[in-house]
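Here are my notes on the model you passed along. Have it open while you read.

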Amino acid sequence: MGYLITSMLLLALNNVIWKYMVSHSNPLAIMVKRALLTSSIGIFILAVFFREILDYDSFNEFMLISFTCTVGFLGLLMMLNGLKDSNLSHFLHYSLLSGIFVGSWLLFVENQFTNRYVIGVGLVLSGFFLFYLNRRHDSATISSRTHFQLFMMSLCFALSGILQWYHLKTHEPLLLVIHQEVVVFLLAAGTTWVFRIKRIPVFNTDKIPLMAIIIFLALLCGMLGLKETDPLIANIIGLFIPVATILLGSLMLKEKLAWSSLLSLVLMLCGAYFLK
């Protein structure tokens, strides 16, 4: 559980930096440079310290992991496109939908629920809904296309989380993180080439190297946490991210902070205690 909470805090910090960066550069261009750096960090660590974990049982297994990473990339792409024409309330709504997908899978396929589990999920969702209700004034009408993009984001993230959970039974988290980032880099670079999006020079002075370090640690902690728990707990803890992002934004960007955000965080932390 500690790994998941650490991952959540790092992702929230990354979101604050991302919010600053997207006002200056194309999101896909940022993704290309970020994924190149995270891939390079991972490959260096793998080559120097953990060469023994570079092990795939078969080519089919390699392709299945690549498929999982591609699904995750599609979810990220849908999220970037969907957030252009939506807002935080819509994003929270569809983030919860992703948790429902995962929960349904674990209930009907893995039969994996206990009373403590239900109490923990209930407390986290209570905090989430308190936060959501106090952000409802952000809501605005969005197009069917945007609804579709956010729905596909939820579905892709849920499917990717479930598949990664199964991969973690036979592979090390570090290997899966590196594999994912290499796939994200290749697909993002290909997308920018197809749509002729101007790329950001690798050696430009900006905050992307800091983002790369933060996101690499967040992904690694997320994988370690997912290995110890399950996709639903990982998804439920992920609901902390928008709340934590607003808290960090109030500290770093001097944005206004509502009392409901603090109360919702307390409820969600209590739920995390039951889920541990």
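The points below go through a few spots one by one.

1. Ground rules. This is a predicted model, with local features needing pLDDT of at least 70 and side-chain atom pairs counted only at pLDDT 80 or more, while totals for chains, interfaces and linings use all residues. Numbering starts from 1 along each chain as its sequence is written, and side-chain values use heavy atoms, leaving out hydrogens and water.

2. His-171. Look in the loop between helix 6 (144–167) and helix 7 (helices are DSSP runs of H or I, at least four residues, numbered from the N terminus). His-171 counts as buried because its relative accessible area is 5% (buried is under 20%, exposed over 50%, partly exposed in between, with a 1.4 Å probe and protein chains only).

3. Its neighbours. Leaving aside residues up to four places away in sequence, His-171 touches Asp-55, Tyr-56, Glu-61, Ile-65, Leu-176 and Lys-227 (contact means heavy atoms within 4.5 Å). With Glu-61 there is also a side-chain polar contact of 3.3 Å (N or O atoms within 3.5 Å; within protein, one able to donate a hydrogen and the other to accept it, and residues adjacent in sequence count only if both atoms are side-chain atoms).

4. Helix 7. Residues 173–194 make up this 22-residue helix, and its first and last C-alphas are 32 Å apart, close to the expected 32 Å (1.5 Å times one less than the number of residues). After it comes Arg-196, with a positive phi near 50°.

5. Leu-74. Sitting in helix 3 (residues 59–84), Leu-74 is partly exposed at 37% relative accessible area. Cys-156 is 82 residues away from Leu-74 in sequence, yet their C-alphas are 6.8 Å apart.

Notes. Helices (H or I, at least four residues) and strands (E, at least two) are DSSP runs, numbered from the N terminus.
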